[in-house]
Amino acid sequence: MLNNLEVGLYVFMLATFVGLEVIRKVSPLLHTPLMSLTNAISAISVVGAILITGREGATDLSKILGFIAITAAVTNIVSGFLITDRMLKMFKRREVKK
Amino acid sequence: MGYIYILSAALFILSLKWMNHPPTARRGVFAGEIGMLLAVVGTLVGGHVMNWTWVMAAIVLGSAIGAPIAYIMPMTAVPQRTAMSHACGALAAALVGTAEFYAGQHEPGRLTTMMMVPLILETLLGYLTFTGSLMAMGKLQEILPSRPITYKNQNVINAVLFAIAVALGVRLIMVPTDTLLFPIFAGLSLLFGVLLIIPIGGADMPTVIALLNSYAGLSACAMGFALDNNLLIVAGALDGSSGLILSIIMCKAMNRSFTNVLFGAFGQIQAAKTTGGEQRNYRSASAEEAAAILEAASSVIIVPGYGLAVAQAQHKIRELYDNLMRRGIDVKFAIHPVAGRMPGHMNVLLAEADIPYDKLIEMDEINGEFPQCDVALVIGANDVTNPAARSDESSPIYGMPILDVDKAHTVMVIKRSMSPGFAGIDNDLYYMDKTLMLFGDAKAFVSEIVKELPAKAAA
């Protein structure tokens, strides 16, 4: 049987390879939107922040730190996805020209 | 809950995959949004969440801050926003780690070594990325001086500080009950983040941002190990590897070794040797002459650089582009990987000005076209066009990949003055017989050229 750490390390290794392969193919044209997108995705730490804040019997310190963490992460999620989409909308092919 | 996380992880990977090409990229964003929504809702519903007021208030507040940022932010400020967002992400990770550490004090046996190792990594990376990103943002926004700030024994001091922080971290891993040490550890991490970034100059910002991106991802990843949550590990690893790839690309484009960057030892190439005071001859031209040359050309390659972004000239460039295209002149844009202030920034700026993205050509592809090109118009780019990078081994930028502008039949350079660029070196390109210097502000000069063009067509 694998313990949690081993499973985690497997997941980490595989995800890193997938990440490297997928990102390598991204056209340099889109590197800035890519970074905004990964930024939004890495704000997945919101999950950890919610769990910490919402844990039964959480201390005031946990709640305050968790509150700031959720706020920061949600800011990233919302602004990250929206601005990526805003940027991508601007990338047009020639045919669209009026 | 676990199944929702698996779905969400798959959506993140798809999201990045669709990001590969412009036509599917927006679908990629959508996939990412759904993945995130699933993860958040799944956690709220299945995570035994109490303290709803705190959680919901924070989510509402975060959305209220995030949405306006996304819409108000001008495209030239995207690098600052990205730096800020690295800071927010890293802060979130660091604070969760801190909260976890103190909460663990109340439950004996919770803070095992297997828990403490990732937790310490998470807080160390989180805090240093937080302050580091704030510094980067300050430099990009020009609140802080963008030139490198250096002092004696900088690398030694940084290394010692970092070593102390790591030593404290190790001590905390072994004795997790030592709550007094934790604030010192956190403080040192914060301080190290500041010291890591201040010696870095404005020209290196694309690499730094990519690197901080990677750190922020890794810290989210470490959180995944601490909280035993595979979704966090996947998302963090994706972000980490993305940042890593981008910083490697940037390093290659700037001719710096990756180890240099990892230890924050950039800025080492200080203003290099100034070429002996001899006066060299160059030719300059007026907007009218430039317009005449452009009109006679059949193919033009525009080389935009950082100066174009500073002068906010992208919309004027678009007018020039339209005008030349209407005359049947083939116009392309040559994009150096470090053009702009973060990876791919120049593409976004030109796309915002409605220039079709299939006209934005990367360095490797366009370099073969310069010898057949009638006119290369360089706007606000300097070091990336310097032929010394190919030929002069004593030059500090020797080996840096450049755009082969000097191979075009005619070269025109719009520039404020003859002053050298970031690297502080003279550019031989400006003294070639086929080069015309066009002195002036990029935006003003381009609009003058555009003004000259229609008049000629009518005549």
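How many residues does the contact take from chain B and from chain A? Select both chains and have a look: 98 residues come from chain B and 79 residues from chain A. Keep in mind as you go that this is a predicted model.

**Stop 1: the side of chain B that touches chain A**

Colour chain B by element. Helices H1 (2–18), H2 (22–46), H3 (52–72), H4 (78–104), H8 (205–227), H9 (230–254) and H14 (345–352), along with strand S4 (360–362), each give two or more residues to the side of chain B that touches chain A. Now highlight H4(B), which supplies the largest share of that side, 17 residues.

**Stop 2: the largest nonpolar core**

In soluble globular proteins, nonpolar side chains tend to be buried together. Here, the largest nonpolar core has 197 residues. Select Val46(A), Ile70(A), Val303(B) and Val378(B), the residues with the most contacts inside this core. Next pick H8(B), from which the largest share of the core, 16 residues, comes.

Then centre the view on Val303(B). Leaving aside neighbours within four places in sequence, Val303(B) is in contact with Ala334(B), Ala376(B), Leu377(B), Val378(B), Ile379(B), Ala381(B), Thr385(B), Leu403(B) and Val405(B).

**Stop 3: the sheet of chain B**

Switch to a cartoon view and follow the strands across. The order is S1-S7-S6-S5-S2-S3-S4 in chain B, an open sheet of seven strands with parallel pairing. At the edges stand S1 (283–284) and S4 of chain B; each has a single partner strand, so one side of each is left without a neighbour in the sheet.

Strand S3 (residues 330–335) of chain B runs parallel to S4(B) and is joined to it by three bridges. Show Ile335(B) and you can find its bridge partner in S4(B), Glu362(B).

Move along to S6(B). Is this strand largely enclosed or left open? Five of its six residues are buried, so S6(B) is largely enclosed by the rest of the structure. On one pairing, five bridges join S5(B) to S6(B) in parallel, with Leu377(B) partnered by Met412(B) in S6(B). Five bridges also join S6(B) to S7(B), again parallel, and there Val411(B) has Thr435(B) in S7(B) as bridge partner.

**Last stop: a helix across the strands**

Finally, select helix H11 (residues 287–296) of chain B. H11(B) lies across S2 (299–304), S5 (375–379), S6 (410–415) and S7 (435–439) of chain B, and runs at about 140° to S6(B).

Terms used. Residues numbered from 1 in each chain as written. Chains lettered and ligands numbered in written order. Predicted model: local features only at pLDDT ≥ 70, side-chain atom pairs only at ≥ 80, totals over all residues. Contact = placed C-beta atoms within 7 Å. Helix = DSSP H or I, 4+ residues; strand = E, 2+ residues; numbered from the N terminus. Core = buried A, V, L, I, M, F, W, Y, C linked by C-beta atoms within 7 Å. Buried ≥ 20, exposed ≤ 12 C-beta atoms within 10 Å, placed from the backbone. Pairing = 2+ DSSP bridges. Axes fitted to C-alpha atoms, helices over the stretch in contact; angles between N-to-C directions.
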